[in-house]
Amino acid sequence: MPNEKPKFYLTTPIYYTNGLPHIGHTYTTVVADAIRRYKRMRGYEVVMTTGTDEHGVNVERAAQKAGIPESEFVAKMAVAWKALWDELGIAADEFIRTTDLQHVRTVQWLFKLCKENGYVYKGHYTGQYCIYDNAFVSEAKPGDNCPDCGRPLETITEENYFFKLSAFQKPLLDFYKKNPNFIQPETRKNEIISFVEGGLKDLSITRTAIRWGIPVPGEEPHVFYVWFDALTAYLSAVGGPDYEKRGFWPCDLHLVGKDIIRFHTVYWPAFLMAAMLPVPKQVWVHGWFLMDAAKMSKSKGNVILPRPIANMLGMDALRYFVMREIVFGQDGNFSYDALVTRYNSDLANGLGNLASRTAAMIEKNFGGTIPKPGPRLPQDDALVKVTSETIEEALEKFENFEFARSLEAIWAAIAAADKYLTSEQPWALSDSEADTQRKATILWTTAELLRIVTVLAHPVLPDSTAKVWTLLGQTGRVAAVELDGLRWGQLATGVQLGKAQALFPRVEKQEAIERIEAMANEELNPAPAPPAAAPAHATTAGGAAAAPASTEKIGIEDFAKVEMRVGQIKTAERIVGADKLLKLTVDIGTEIRQICAGIAQYYEPEKLIGRKVAVVVNLAPRKLRGVESNGMIVAASVGPEGRPVLAGFPDEDVELGARLK
Ligand code: ME8
């Protein structure tokens with residue numbers, strides 16, 4: 001069909017649901033999302049799948065610990081994973097859960113095909129099993145620890161169905177040879193080829209010791225081994241047994257970390273070959289984000305959480321950092337210091353600053369209308385050349401999954417524009433006709449470079465580039481721009497600039513790190529729910545909807561426990577990364593307190609200065625969004641949204657520190 005777009009199907013791993021995502025899971029998922037956006041801008045019809053791996057003994061135990069049934073536990077976890085991906089701008093097309101019915105049917109169907117083709121038999125297996133990694137460790141002895149995670153193995157004997165993996169040594173080796181790009185990068189391919197050349201043992205693919213799994217039809221209590229189950233999710237997500245109708249199988253790209261390479265490059269193609277189904281085209285294996293040289297993991301507790309970073313610096317900053325900081329394929333260390341340094345240098349001072357100063361100069365000199373450029377001088381030509389080369393280089397590097405290099409090229413163009421402005425000094429030119437024309441050339445040239453880098457950076461920074469696009473007065477969505485048609489010279493003149501929006505406010509490094517760490521701490525160790533008589537700071541001063549009046553009576557001695565005093569607001573400011581909170585300093589007569597109040601959506605900070613308020617002063621201090629709050633401002637909660645209305649003393653001259661009784 002002439003107008004049909006080429007199809008591209010890519011996946012992230014299907015993540016375990018016994019915990020919440022950390023920066024490692026975020027990494028693979030952000031990369032997948034950026035590739036999805038990039039491929040769409042290159043004219044592909046793309047499907048990206050992510051999802052949750054919900055069966056197995058780990059989940060069984062986590063649900064037990066939470067005191068709820070497994071099905072309820074995994075449903076909650078899947079919602080939490082999805083919510084985080086939404087916050088990070090992950091636009092996955094399919095979110096597959098391994099408890100979805102369509103997936104259960106696909107796993108049972110795949111097993112049936114493998115069995116009918118003679119690659120499945122029944123046997124007994126005794127082995128050392130790692131319940132954390134859901135894998136038998138074939139070379140281990142009783143009492144050994146798991147070679148991957150270091151925790152004790154358990155001896156398990158079971159009647160199992162076995163998959164004849166041994167029959168696939170030659171077919172796999174032939175397949176790798178015929179498809180030299182199947183495993184990327186090259187070093188990983190060699191590692192897998194030598195593993196397969198060393199011989200393959202049959203693999204047990206059902207379990208009887210585990211209850212929480214997909215049943216093997218007619219063979220209860222057998223359930224499928226989690227990897228036979230989870231890998232199949234890639235196929236379930238695009239139609240399962242009806243995959244041909246949707247047209248996205250075989251998969252073009254599985255993105256995985258190096259921990260799960262064998263499952264994807266040996267077991268998975270073997271299962272598919274046994275079922276006589278098409279095998280994926282490529283598995284791209286990336287390295288690990290390390291914390292102090294150790295692999296981050298939920299079970300070790302040395303994790304970096306994505307949400308506090310996105311709250312503090314914005315989702316684009318997190319996305320940019322993970323793709324810019326480590327070479328895709330290699331390991332890299334994670335550090336908050338490097339994160340905030342890059343944020344300030346590349347985003348606040350780089351892209352953000354170029355966008356705002358270009359817009360401000362066009363505003364000042366041309367009333368906010370993109371001017372028509374005059375004749376070009378050699379220095380303008382030089383910038384045109386840099387930009388054209390940047391388009392080529394950034395796209396070529398991205399195509400080869402050299403994301404850090406691609407971003408480096410884009411940011412080199414931003415630096416070239418900064419240098420150009422510094423040497424051309426449009427602000428030093430007069431209002432004469434010739435100078436005005438020169439200013440027009442310089443500013444149009446800078447704006448055109450900005451437009452091009454905005455398009456190129458869009459897959460990685462979807463949110464902020466959309467804002468720059470609006471700022472440049474461009475019509476349509478930046479996501480709809482076709483990368484293949486991107487050229488110098490397409491910026492229309494006479495266009496009115498759009499609304500300026502905050503892009504990347506500069507942050508003070510130490511304070512930003514402390515706040516991110518505090519927010520992570522709040523997320524990892526959530527405060528217990530506040531008792532009804534002393535609601536949390538942020539909810540009383542805005543946030544919670546009006547609570548129904550309680551019928552329960554308290555004695556005066558209970559009321560006396562709450563120490564409320566008159567205070568006066570001295571300063572009030574917004575908090576980066578916390579839309580609802582204001583940071584206040586409040587004079588309570590004896591001292592000045594810092595208090596956070598959840599009123600930012602309803603009160604302008606400037607208008608609060610000098611206002612007298614009622615303050616609960618004996619509440620234990622706590623951190624809100626990483627900012628210390630020592631006390632609580634009292635407010636009524638009005639209407640269904642719980643709009644906060646501050647309690648106060650408008651008519652009386654009350655003394656600061658006077659107690660409310
Ligand atoms: O293995 N650095 O799920 P999982 C970089 N359910 N990437 C990391 C990382 C780190 N420190 N930690 C995790 C499973 N990842 C199975 C997958 S697929 C059919 C079943 C990323 O929750 C990386 O992509 O343990 C790794 O492969 C994946 O998360 C493991 O996720």
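Select Arg625 first: at 32% relative accessibility, this residue counts as partly exposed. The model on screen is a predicted one. Arg625 lies in the loop between strand E20 (622-624) and strand E21 (627-629). Check its backbone angles: phi is positive, about 50 degrees, although Arg625 is not a glycine.

Gln425 is another residue other than glycine with a positive phi, here near 45 degrees. Its relative accessibility is 35%, so Gln425 counts as partly exposed.

Now show helix H12, residues 336-366. Follow the helix to Asn353, where H12 bends by about 45 degrees. Just after H12 comes Gly367, with a positive phi of about 60 degrees.

Two proline stops follow. Select Glu220 and Pro221, which are joined by a cis peptide bond with omega at about 10 degrees. Pro221 belongs to the loop between strand E9 (206-207) and strand E10 (223-224). Then select Trp249 and Pro250: a cis peptide bond joins this pair too, with omega of about 10 degrees. Pro250 is in the loop between helix H8 (243-246) and strand E11 (253-257).

Move on to His264 in helix H9 (residues 261-274). Is His264 buried or exposed? Its relative accessible area is 1%, and the cut-off for buried is under 20%, so His264 is buried. Display its side chain, which reaches the backbone oxygen of Ile260 at 2.9 Å.

Now select the ligand and its surroundings. How many residues surround the ligand? There are 24, and the closest are Ile14, Thr28, Asp53, Asp259 and Phe289. A polar backbone atom of Tyr16 is 3.0 Å from an oxygen atom of the ligand. At Asp259, a polar side-chain atom lies 2.9 Å from a ligand oxygen atom. At Phe289, a backbone N or O atom lies 2.8 Å from a nitrogen atom of the ligand. On its own the ligand has 680 Å² of accessible area, and the protein covers 96% of that. To see which elements give two or more residues to the shell around the ligand, color strand E1 (7-16), helix H1 (23-41) and helix H7 (226-236).

The last stop is on the surface. Select Ile554, Ile556 and Phe559, which form a nonpolar patch with about 320 Å² of accessible area together. Ile556 is in helix H19 (residues 556-560). With a relative accessible area of 65%, Ile556 is exposed.

Notes:
Residues are numbered from 1 along each chain as its sequence is written. This is a predicted model: local features need pLDDT of at least 70, side-chain atom pairs count only at pLDDT 80 or more; totals for chains, interfaces and linings use all residues. Side-chain values use heavy atoms; hydrogens and water are left out. Patches are made of residues with over 30% relative accessible area and no salt bridge: like charges are joined within 9 Å, nonpolar side chains (Val, Leu, Ile, Met, Phe, Trp, Tyr) within 5 Å. Accessible areas come from the Shrake-Rupley method with a 1.4 Å probe; for residues, only the protein chains shown count as cover. A salt bridge is a side-chain nitrogen of Lys or Arg within 4 Å of a carboxyl oxygen of Asp or Glu. Helices (H or I, at least four residues) and strands (E, at least two) are DSSP runs, numbered from the N terminus. Buried means under 20% relative accessible area, exposed over 50%, partly exposed in between (1.4 Å probe, protein chains only). The bend at a residue is the angle between axes fitted to the seven residues ending there and the seven starting there. A residue is near a molecule or strand if one of its heavy atoms lies within 4 Å of it. A polar contact is a pair of N or O atoms within 3.5 Å; within protein, one must be able to donate a hydrogen and the other to accept it, and residues adjacent in sequence count only if both atoms are side-chain atoms.
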